[in-house]
Structure formats: structure tokens, C-alpha cells
Amino acid sequence: MVGITETVLRDGHQSLIATRMRTRDMLPAAERLDAIGYRSIEAWGGATFDVCLRYLREDPWERLRALKRAMPRTPLQMLLRGQNLVGYRHYADDVVRSFVDEAARTGIDIFRVFDALNDPRNMEVALRAVKRAGARAQATICYTSSPVHSLEAFVALGRRLAELDADELCVKDMAGMMPPGDGAALVRALRQEIGLPVVVHTHSASGLASLTCVAAAEAGAAAVDGALSPFAGGASQPPTETLVGALRGTPNDPKLDLGALGELAEYFRGVLEHYRPLLELRSLQTDPGILTHQVPGGMLSNLLSQLKEQEALGRLAEVLAEVPRVRADLGYPPLVTPTSQIVGIQAVLNVLQGGRYRQVTNEVRDYVRGLYGTPPGPLDPELVARVTAGTSAIRARPADLLDPELAKAAAELRALVPAADTAEVLSYALFPIVYRSYRSAVDRGLTSDVLTAAALGVVGALRRPATPPSARAAGTGVGERGSAWAHEGRVRLQTQRGWIDAAHGRTRR
């Protein structure tokens, strides 16, 4: 029997409506979700933490407490970005350990830990902390295709992660580009060579996902990820109901009730109607081009946003052709946060400036110097020589450059909020500026209800047909603006800079 991890409360809505589902829309379905018999329910982590504070004005820790109370039987799962936790920079080890401890105490049973470069050094502290907390450590292999990524290389990585006391392995296919045959071969090899349970996570964007999940199950996967159908397909996971139907009556039958799943799907169909102004049609479309350029849905949205700002949407094809070249220059990193933003922004600059690397972003410079970890393959020698001229590369684990942060964050927050508990201190340590804004908004009565009404109204206005040229000339062209959430990738990159600058005593320009 293969298990099902349900993603509707995390990756499903992160992929389709920019992570904007509120806790109040999750809780009415929680008891029924808990009764289905899922292997686990992914309900936290990824972008949910940041979005709760930054946009929804919700306490992410309270969301976790509420969901755990409502779903006591099914293991709750989170996505943890290794040393980045739920943020976009590396945090000091004391913050990583404290965060994992608090998350496990509050309700997380399974931690899916990954690193954008598949660098085990960036996962080790988090994985060890998960084990000490008594939770299940699911160490993750970010799947991609390149001359330096092979079955043997993925198995070697899996073996290294097993040495870090991982309880199980996850194959994470961010772009949805893993063919069924390759997925089955990888699952089979990991099971035979390492012996740990293997879970497969993929996305439907290229159209391969359901086929790959079925092939992975037949190859011995312990579980596959699905999302209830209203929040499935396109940039999200394959539909849970489809996977259950495809495997029904086979030796891998998940033995979940399709009728009960249908009732839950009907509930979330109503939830989706509420958030429909946030749903981009592009997020639901199938794009087999991903099999060539490997650009996942979230990264494509950021590229489109950048090109729209430069009035250069017509050059998207050039950018998509440049992305694989930049990726090759950088040693073929998997395209997942933050490497997707690093590669994507540099590709846009290379195209729009009429020459490759006329301007090298600070993030590419830091990547080349080793501040994000060890790249999977060799870097372009000319780019390395240019970036490292007059400076040195970093050989150490990136987090070794950071001093302990937790005590300082606690002192700063408790000077403002004397009764702040550990969870609040961690929220502040991860996102100090965002958390200050969150507290200020809550204190001023800007509730989640008020913000939801305002946000949906704004996005609805932005999606109206573009105004005529004469109106735009008069300065009223609201319809020409981008999505209200389209700047998220840039926010991530700006946030990443903080730890790098602090580690080297630099002042932001």
C-alpha cells in the first residue's frame, strides 16, 4: 500500500493562490481531513510562515496549534528549507535548533528538510535537531536534470543524508519534470541501496505528475503527494482523488474513501471561489516546455513580473533560453528557492542589457563565492575569475560565518514586548521587520478580515481589462499594473542579502 500526503493546506494553495488561504478556511475541514487516513497532511512551512505575518496578519504558530488541536490523529508535516528554515537566508545554528524544537512541540510530526543546492551541510543541523526533538526527519533530494545529476549522484546524496540519521527520504521534483521511468528508477535505487522509505513530491505543470506518481508507487515508494482537486493541477500537485482512483484495486491501493474525498473537494471548491481573484490562469495551465527550460511555475511568475516592469514581455522566449545557460554557468543548481530567483534575475539582466554578465547581481557574486553552499557542478571559469578578483571564495559551511542570533533577537523583542514567548521571539528572529509590522497592524486593529476584503478588492481591480491608451496617458492605467503579489521573489532576494552583508560587515547600498 502507498500512502498519500495531502498538500491542500500548504503547497496546494501556495502553488495556485500565492499561499493566501487563511486558517479560518482550513479549520472547518480539519476534522474530516483527519478522518480520511492520510499518511500525513502538509500544513505548515514553505511560504506559509512569511505570508501569515506579512500579508494575512495571522500568527503562524497559532495556526499550527489550531490545526493540531483539530487534527490530532494524522501526522502534521512541514517543509523546512534547511539552514534557511522558513526564510530566505541562512540563520545561525541556535535559531535553527530552537525553531525545530518549538515547531515539534507545537505540533509538527514530520519535517521535510531540503537545501536548494542539495548541500548536506545546509541540512545537517536541522536534521539533527528534528531527531533530538523526537520528530520524523524526512531528508530531501531536490530532483533536476543536468550533465552532473545522475542516478548514481542522487543515490550518493541519499546515502549521505542517511548518515545524518534521516528516517526517510523525499524526492522533490519542484518543476514537475521527472519522467515516470526516471522516477521509478530513482525510487527503486534508493530503496535497494539505502533501505529508507522514499516519498515522492512533484508538480503537475508539465503534465507528467500523475504518471510519475503511479510509477513511483509501483517502484516501491512509501508515499506520494497529492492535493484535493480544487487546489490541484498546473503548478500544484496531481489531484489526490485521481491518484487514489488510479491505484485503487492494485497492490498499492491507498485505501482512501473516494466519496469522503469528494465531499472534502466540494468544500475546498467553495474556498477556492472566495480566493478566485488571486488565481492566475497561467498557474493551472500545462506547459511541456518545462521539460526543456526546467523553470517551475513560481519562477515563471517572477520572470513575467520582471519583464512586465521593463515593458519587455515580448522577450520571454529569449529569457527562457538564457535560463539554462546561466544555470550551466553556475554549476547546474536545482531551480528552487533561492536559486530559482538567483538564476532568473541574472538571465533577465543578460537578455535586457544586450550582453551576458554586463551586470552581475550581488546574489550571483555571493553564490559563486560559496555563500549559499557548494554548487552541484563546476562553475564557469571566466565568471569565477571575474567575481572572485580581489576577494576569496568561501570553503566553510555558510552558516559557520554567522554568530549566534537568538539571544540578541530575544533581547530586542522583549524590549518592545516584555511578555514575548519563544514562538514570538523566533518569528522576530526570522523576520524582524515583518514581525514589527505585523505587531503594529494587529495593535491597530487591522484584522485578517479587514485585510482579506482589501486585498481581494485590490486584486480584482488589477485584473479588470486594461484602460484605453488615452486613459493611461492621463495617468489612470491601473489595469496595466502587475499582480499584487508579484514582487514576492524580489522580497526574497532582498531578505537574503541581510545575512550575507552582516557576515562581512557590509552596508547595503
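The largest cavity in this predicted model holds about 70 Å³ of space. Its lining is drawn from several stretches of the chain: Arg81, Asn84 and His90, then Phe114, Asp115, Ala116 and Leu117, then Thr337, Pro338 and Thr339, and finally Tyr372. By class, that lining comprises 5 nonpolar, 4 polar and 2 charged residues.

Two of these lining residues, Thr337 and Pro338, are joined by a cis peptide bond, with omega at about 5°. Pro338 sits in the loop that runs between helix H15 (316-329) and helix H16 (339-352).

Tyr143, Thr144, Met174, Ala175, Met177, Gln294, Pro296, Pro334 and Leu335 form its lining. Here the classes are 7 nonpolar and 2 polar, with no charged residues, whereas the lining of the largest cavity includes 2 charged ones.

Turning to the chain as a whole, 24 helices and 8 strands are assigned. The chain has 509 residues, of which 59% count as buried. Among contacts between residues at least 6 apart in sequence, 77% join residues at least 24 apart.

Asp50 counts as buried because its relative accessibility is 2%, below the 20% limit. Apart from neighbours within four places in sequence, Asp50 is in contact with Tyr55, Tyr88 and Phe431. Between Asp50 and Phe431 there are 381 residues of sequence separation, yet their C-alpha atoms are 7.7 Å apart in space.

A helix pair comes next. Helix H4 (residues 60-70) packs with helix H5 (residues 93-106) at an angle of about 35°, and the two axes are 9 Å apart. On the H4 side the contact is made by Trp61, Leu64, Arg65 and Lys68, and on the H5 side by Phe99, Glu102, Ala103 and Thr106. Sorted by class, the residues of this contact are 4 nonpolar, 1 polar and 3 charged.

Ala18 has phi near 55° and is placed in the loop between helix H1 (11-17) and helix H2 (23-36). Tyr357 has phi near 60° and lies in the loop between H16 and helix H17 (362-369). Tyr357 counts as buried, because its relative accessibility of 8% falls under 20%.

The cysteines remain. How many disulfides does the model contain? The count is 0. A disulfide is a covalent bond between the sulfur atoms of two cysteines. For Cys170, the closest cysteine sulfur is in Cys142, at 8.5 Å, so the pair is too far apart for a bond; the limit applied is 2.5 Å. Cys170 is buried, with 0% relative accessibility. Cys213, at 1% relative accessibility, is buried too.

Terms used. Residues numbered from 1 in each chain as written. Predicted model: local features only at pLDDT ≥ 70, side-chain atom pairs only at ≥ 80, totals over all residues. Heavy atoms only, no water. 1 Å grid on protein atoms, 1.4 Å probe; cavity = no way out; pocket = protein on both sides within 12 Å on 5 of 7 lines; lining within 4 Å. Points joined across faces, edges and corners; volume = space filled by probe spheres on them. Nonpolar A, V, L, I, M, F, W, Y, C, P; charged D, E, K, R; others polar. Buried < 20%, exposed > 50% of the residue type's maximum accessible area, 1.4 Å probe, protein only. Axes fitted to C-alpha atoms, helices over the stretch in contact; angles between N-to-C directions. Helix = DSSP H or I, 4+ residues; strand = E, 2+ residues; numbered from the N terminus. Contact = heavy atoms within 4.5 Å.
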